[in-house]
Amino acid sequence: MKQLIKIGAVLGAFLGVASCGEQGASGIGARVAGLVTGQDAAAAAPANALVPATEMQANPGKYVRLNIRDQGAWSSLVQAGQNGNRTTWIGQSNVSVTFENGLVAATRGLPRDLMGAEVAQSWAAIRSGGGTAERRQDYITDQDGISSELLQCSIVSEGTETFTRAEVAINATRFKETCTGENFTFSNIYWVNRQGKVVRSLQAVSPDAGYLQIDVF
Amino acid sequence: MRAKAFLATTALTTVICHQATAQTTDLSYGQFGLPGLVDMPIAQSAPEGEIASTIVMRDGLFRLNFAGQLTDRLSGSASYTVTDLYDGTGVGIDDGQFERSFSLQYRLINESEYLPAVAIGMRDFLNPGRFQSEYVVATKSIGDNLAVTAGLGWGAMGTHEGFDNPISGRSTRPTFDETTPEGQLATDQWFAGDAAFFGGASYQINDKWGVTAEYSSIAYPQEAYAPVLDVNSPYNFGVTYRPADGVQVALASLHSSEISLSATFVLNANNRPGMSGIEGAPAPIKVRSANARAAQTWDRSALPEAGLRAALQALLEIEGIRLTGLEVTDTTARVRYVNTRYRSQAQALGRVSRMMTQIMPGSVETFILEPEQRGIPLSATTIQRSDLEALENRGGASEAMFERAQFSDAGSDAGLMGIETDAPAFSWGISPYFTLNSLSTDGSMSVDGGLKLSARYQITPQTVVSGAIVQSLLNNDGKDPVADTTPELQNVRTDGGYYGDDGVPVLQSLAITHYGRPGTDLYSRVSAGYLETMYGGVSTELLWKPVESSFGFGAELNYVAQRDTDVGFGFDEYDYDVLTGHVSAYYDFGDGIHSQLDLGRYLAGDWGGRVTLAREYDNGIQISAYVSQTEVSYEDFGDGSYNKGVRITIPQDFLTGQPSRKDYGTTLRTRSGDGGAMLNVDGRLYNIVRDAHHDDLNDTWGRFWR
């Protein structure tokens with residue numbers, strides 16, 4: 001986040017231009033443009049301030065709330081980049097998560113990052129109410145190489161549920177995706193609302209990085 | 001099985017389960033560095049990539065071992081031992097004698113359901129040393145916790161209840177000659193003389209505690225120059241305790257006469273504590289709109305080049321990368337930069353590319369990235385911007401990007417707009433230092449430590465004046481160094497102990513160095529001044545190393561004079577000057593095996609060669625070993641005619657997970673005498689250059705997208 005603030009600030013200050021694709025970056029940049037001139041960005045930026053859930057609720061599409069379960073860390077992410085149907089969000093802890101239709105396609109800044117993934121079949125199965133899917137997930141190794149995991153997944157609907165978030169009751173269909181590969185196995189859970197959007201999920205990154213709980217507002 | 005569990009919001013428990021096979025407890029390390037019982041070896045070996053250091057202490061002995069599992073089957077270790085030895089009469093005792101030894105073990109047969117693992121090994125194998133032994137050993141596991149070992153030993157390991165050598169023709173073992181303690185490869189001794197049986201067992205009670213018992217075949221006979229240890233019985237017993245992952249503590253009873261305490265610290269090069277690193281997320285690729293991509297030119301009035309340059313400079317600074325040159329045409333942007341943060345140049349390439357996408361005009365499709373060190377460009381990596389856009393975060397992106405990237409020699413300076421740096425031309429710093437020197441020939445090791453004041457002044461990016469003033473806090477004894485065992489040769493190294501031992505600050509180095517690119521694939525260095533503590537003069541080097549080649553060829557020629565022992569400006573004391581240098585061939589075999597061959601003339605005017613072999617892990621851990629030989633006859637050369645050493649390097653980011661280009665290294669070498677001595681000049685070309693070449697980039701390419 002700190003880094004992104006700086007990037008935004010640099011872009012804002014030097015170019016004075018902003019296009020549609022960089023709302024996150026230039027938005028941040030505009031807010032903290034003063035930081036670029038030698039001031040300590042860390043001191044100026046609110047230290048790890050988690051945006052209150054009510055504010056997230058009041059600004060749909062602006063925030064994603066992330067809970068890195070293994071670290072017990074919460075952060076509020078803002079949009080930092082858009083590449084086709086994938087959006088990268090970044091938060092104060094300098095962790096970024098890239099989503100494709102709400103499914104985690106990549107992470108950066110975790111102890112064992114998901115460097116890239118193909119998750120289109122999983123999303124297609126969710127859209128059709130269940131089914132099977134193949135995923136490819138790339139991880140960075142301790143030897144600075146990439147290990148690829150081919151996973152066979154099955155997605156089942158577990159019925160509708162209502163949960164309350166920021167004092168708002170949300171109706172969603174719960175899906176469970178169980179994936180098995182040569183080296184590990186995991187289960188993801190997605191709550192999909194009536195508009196077909198993943199509003200909450202619990203998704204595996206890697207055995208070393210654990211699970212992410214993701215709330216999309 | 002390793003599992004990460006957590007409680008979900010819905011009270012659902014979910015785990016990511018590893019399907020990997022169950023892992024057994026780490027093997028216990030013995031007193032000679034490799035996994036073993038107490039004093040005796042076992043046939044099993046550590047997992048590939050494991051590195052262990054062991055400290056052994058008992059009355060009359062202190063030993064430091066470094067061991068590495070070099071391949072799946074080959075293990076090696078280096079040991080420094082300070083021990084009491086019987087003197088020449090075999091009656092008196094010389095305290096605290098210093099011994100160095102190298103050991104190897106190779107696992108011939110893997111353990112199977114009915115067959116034991118079988119290994120062959122040699123301890124202290126290079127020289128006819130005090131501990132020299134050879135052995136064949138078999139170990140069989142019974143269940144998960146018990147392992148039983150039996151073996152046959154020669155040399156020191158054939159001294160208890162020894163019998164005639166079963167290998168015919170090797171019934172007598174040449175005696176150990178104290179007057180030539182080191183120097184010749186001790187092949188005559190290998191597997192010669194009496195042999196003896198040894199054996200033992202180890203039982204792991206639980207994760208933390210284990211017990212060991214062995215029947216030792218080392219009798220520690222009381223004889224001239226032998227290690228001192230009373231032997232009341234052949235049995236040794238040990239208890240091991242593992243307080244934490246990677247730490248073992250062992251208490252052992254030796255021959256019913258001594259108690260020893262040892263501690264082992266284990267790390268595995270394949271198991272990085274910082275895992276994939278904890279550096280912050282990079283900037284996402286900024287994808288161009290269709291219109292921007294279609295543009296043929298860029299509007300220089302809307303986005304002036306000066307603004308582009310200043311913005312890119314600021315963006316790269318966030319990544320610890322200094323922009324030194326930029327050339328932007330309508331379709332191509334070429335950047336030259338110095339990466340000061342990332343060990344992996346591939347990662348720096350990725351970070352620079354990401355920043356370029358933030359800012360380069362839409363018509364610029366081709367990025368050419370030229371990493372620079374010491375003022376010279378090392379290579380050019382050409383990347384298509386549309387590949388960055390298409391491959392970001394996709395499965396298989398790393399491999400695809402490497403295939404699509406093109407690697408070549410860096411372009412010329414022509415067309416490149418230089419970037420004014422705001423870094424000061426003059427910089428300095430004070431740091432503590434600590435060194436272990438094994439220059440002395442009497443078997444002792446000298447330790448030095450103190451403060452170092454370093455300063456550098458950059459005249460141009462390629463030309464730097466640098467120097468260091470050193471104040472030793474330990475080396476102020478003013479004592480004479482050791483006896484010279486090679487009177488025929490100039491004391492090019494054996495007088496090292498005279499240097500800077502007056503307790504006052506000394507001028508360790510003060511030299512001007514110029515790096516250059518005299519032609520395609522060619523790199524040059526000229527250094528002049530006070531190059532190192534003992535020598536001053538001129539050192540020149542030329543390296544030929546194509547970016548995509550695994551082969552490099554270099555030549556170094558130095559004309560140097562021996563400095564005065566007060567380490568000031570003078571050269572009068574010795575009146576010795578010499579033309580020294582060598583030609584070098586470098587080859588990267590792949591799979592982490594690197595080699596170097598140097599042939600040439602050493603400091604004392606002697607001729608010879610040196611072979612270096614290194615096992616380098618892609619994450620930066622290196623274990624290398626070298627052997628050098630000179631033409632000087634063994635009689636003249638005496639100590640150390642076969643110079644050899646082992647070096648271990650661990651990069652800082654391996655330990656911390658934070659990006660850094662620093663590393664920590666230590667060299668264990670045998671005594672270095674006056675023969676086979678090389679100039680210690682700073683900044684030799686090969687390691688600087690290869691860092692940004694194809695093979696090294698490939699090694700860490702997994703970091704490109706990180």
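This is a predicted model: local features need pLDDT of at least 70, side-chain atom pairs count only at pLDDT 80 or more; totals for chains, interfaces and linings use all residues.
Residues are numbered from 1 along each chain as its sequence is written, chains are lettered from A in the order in which they are written, and side-chain values use heavy atoms, with hydrogens and water left out.

**Chain A**
- Chain A has five helices and twelve strands (DSSP runs numbered from the N terminus: H or I of at least four residues for helices, E of at least two for strands).
- Of its 217 residues, 57% count as buried (under 20% relative accessible area; exposed is over 50%, partly exposed in between; 1.4 Å probe, protein chains only).

**The A/B interface**
- On the chain B side, 62 residues are in contact with 65 residues of chain A (heavy atoms within 4.5 Å).
- The two chains bury about 4,900 Å² between them, 56% of it on carbon and sulfur atoms (accessible area, 1.4 Å probe, lost on putting the two parts together, summed over both).
- Five salt bridges are counted between chain B and chain A (a side-chain nitrogen of Lys or Arg within 4 Å of a carboxyl oxygen of Asp or Glu).
- Asp144(A) pairs with Arg703(B) in a salt bridge, with the closest N and O atoms 2.7 Å apart.
- Arg394(B) and Glu118(A) form another salt bridge at 2.6 Å, N to O; this pair runs from the loop between helix 4 and helix 5 of chain B to strand 6 of chain A.
- Both ends are partly exposed: Arg394(B) has a relative accessible area of 25%, and Glu118(A) has 26%.

**Helix 5 of chain B**
- Buried residues here include Ala397(B), Met401(B) and Phe402(B).
- Their cover comes from both chains, including strand 7 and strand 8 of chain A and helix 4 and helix 9 of chain B.

**Other salt bridges**
- The whole structure holds 44 salt bridges over all chains.
- Asp409(B) and Arg517(B) meet at 2.7 Å, N to O, so the pair ties together parts 108 residues apart in sequence.
- Asp409(B) is buried at 17%, whereas Arg517(B) is partly exposed at 23%.
- A salt-bridge network links residues of both chains, among them Asp113(A), Asp144(A), Arg272(B) and Arg703(B).
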